[in-house]
Amino acid sequence: MASSVNPTVRRRRLGQELRRLREIKGMTAEEVAERLLVSQSKISRLENGRRSISQRDVRDLCGVYEVEDQRIVDSLMQMAKDSRQQGWWHAFGDVPYSVYIGLETDAASLRVYDPQVVPGLLQTRQYAEALIAGALPETAQAEVEKRVQVRMRRQERISSTDNPLRLWTVLDEAALRRVVGNRELMRAQLEFLVEQSQLPHVTVQVIPFEMGAHPGLNGQYAILEFPDAADSSVVYIEGVTSDLYLEKPNDVQKYSVMYEHLRAQALNVEQSRQFIADAAKQYAR
């Protein structure tokens, strides 16, 4: 059974604390790896939260860092235990972007730029199914359906009344013009997008073709921010075979500045909503 504990976030926080202890000790990851007879890449993966961490790993690292306060050791051991529990997404089996889902589940706000398609959190079921099937033509129908179910479950953060995700989306006009499925499906999708854009915690802006070149031409990305100040913001860039997570403050700052330029060049909220509504009407002809 899936736990309410978010293992992705637990691993991330634990990794940050272990990195802090290493830096206090004045040791490099290479030195720690040599002491423990493991690879340097393992230490790096433990610290960036991309690898599951065992209580034994925590015990060994605390020994190397000479942590004398047993309360700190116990706290870290508990975090390691929590990090090995299963999040809700594990019920769907092997999900390729499970790390991202874990981060999104715990995020307070999400800023997304997408030049090609409507973002997953704002997709209708029919659009999501047609999009996934088209993007992954060799994928079995059962796998497509599983991915659609995961996407619909993720959208609960938008519909939540207790703790809704603050979502800001900037779309290129291409996302509205690309016919995914068929024209009727696209009309329904754009009407749904207009509807969702009226939620107080959802903002949608469109960059029309006539704006020409803009900072988002390099591709899709998302910026996740978290309610706990101890959790640094993350830039997520989706790839075909692997995804990229940027957490260095300088990297996050660069993408944040780029996002501000995108917001400034896009149509304002009301203009964007009307632009999407007009595009939906064109699909009804």
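Helices (H or I, at least four residues) and strands (E, at least two) are taken here as DSSP runs, numbered from the N terminus. The structure is a predicted model, in which local features need pLDDT of at least 70 and side-chain atom pairs count only at pLDDT 80 or more, whereas totals for chains, interfaces and linings use all residues. Residues are numbered from 1 along each chain as its sequence is written, and side-chain values use heavy atoms, with hydrogens and water left out.

The secondary structure of the protein chain comprises 13 helices and six strands, and its C-alpha atoms fill a box of roughly 70 × 40 × 35 Å along the principal axes. Of the 285 residues in the chain, 48% are buried, where buried means under 20% relative accessible area, exposed means over 50%, and partly exposed lies in between (1.4 Å probe, protein chains only). With contact meaning heavy atoms within 4.5 Å, 74% of the contacts between residues at least 6 apart in sequence join residues at least 24 apart.

The interior was examined in terms of nonpolar cores, each being a set of buried Ala, Val, Leu, Ile, Met, Phe, Trp, Tyr and Cys residues joined through side-chain atoms within 4.5 Å. The largest such core has 44 residues, and Leu110, Leu190, Leu193 and Leu224 are those with the most contacts inside it. Apart from this core lies another, of 20 residues, which includes Val58, Val64, Tyr65 and Val67. When neighbours within four places in sequence are left aside, Leu190 is in contact with Leu176, Ile276, Ala279, Ala280 and Tyr283.

Arg22 is placed in helix H1, which spans residues 7–25, and it counts as buried because its relative accessibility is 12%. The side chain of Arg22 is joined to that of Glu47 by a polar contact of 2.6 Å, a polar contact being a pair of N or O atoms within 3.5 Å; within protein, one atom must be able to donate a hydrogen and the other to accept it, and residues adjacent in sequence count only if both atoms are side-chain atoms. Beyond its neighbours within four places in sequence, Arg22 is in contact with Met27, Thr28, Ala29, Val32, Glu47 and Tyr65.

The largest pocket has a volume of about 1,000 Å³, a volume being the space filled by probe spheres set on the points, which are joined across faces, edges and corners. This pocket is lined by 37 residues, of which Tyr97, Arg151, Tyr236, Glu238 and Gly239 lie nearest its centre. Two or more lining residues are given by each of helix H6 (98–106), strand E1 (109–114), helix H7 (125–135), helix H8 (141–154) and strand E2 (166–172), with H6 giving the most, at four residues. The lining divides into 20 nonpolar, ten polar and seven charged residues, where Ala, Val, Leu, Ile, Met, Phe, Trp, Tyr, Cys and Pro count as nonpolar, Asp, Glu, Lys and Arg as charged, and the others, Gly among them, as polar.

Backbone geometry was also considered. Most residues other than glycine have a negative phi. Leu37, although not a glycine, has a positive phi of about 60°; Leu37 lies in the loop between helix H2 (29–36) and helix H3 (40–47) and is exposed, with a relative accessible area of 78%. Glu66, likewise not a glycine, has a positive phi of about 55°; Glu66 is placed in the loop between helix H4 (55–64) and helix H5 (70–83) and counts as exposed at 53% relative accessibility.

Helix H12 (residues 249–265) contains Lys254, which counts as exposed because its relative accessibility is 54%. Ser256 is also found in helix H12 but is buried, with a relative accessible area of 13%. A polar atom of the Ser256 side chain lies 2.8 Å from the backbone oxygen of Val252, and, not counting residues up to four places away in sequence, Ser256 touches Arg111 and Ile223. Glu260, again in helix H12, is partly exposed, with a relative accessible area of 38%, and its side chain makes a polar contact of 3.1 Å with the side chain of Arg263.

Key. 1 Å grid on protein atoms, 1.4 Å probe; cavity = no way out; pocket = protein on both sides within 12 Å on 5 of 7 lines; lining within 4 Å.
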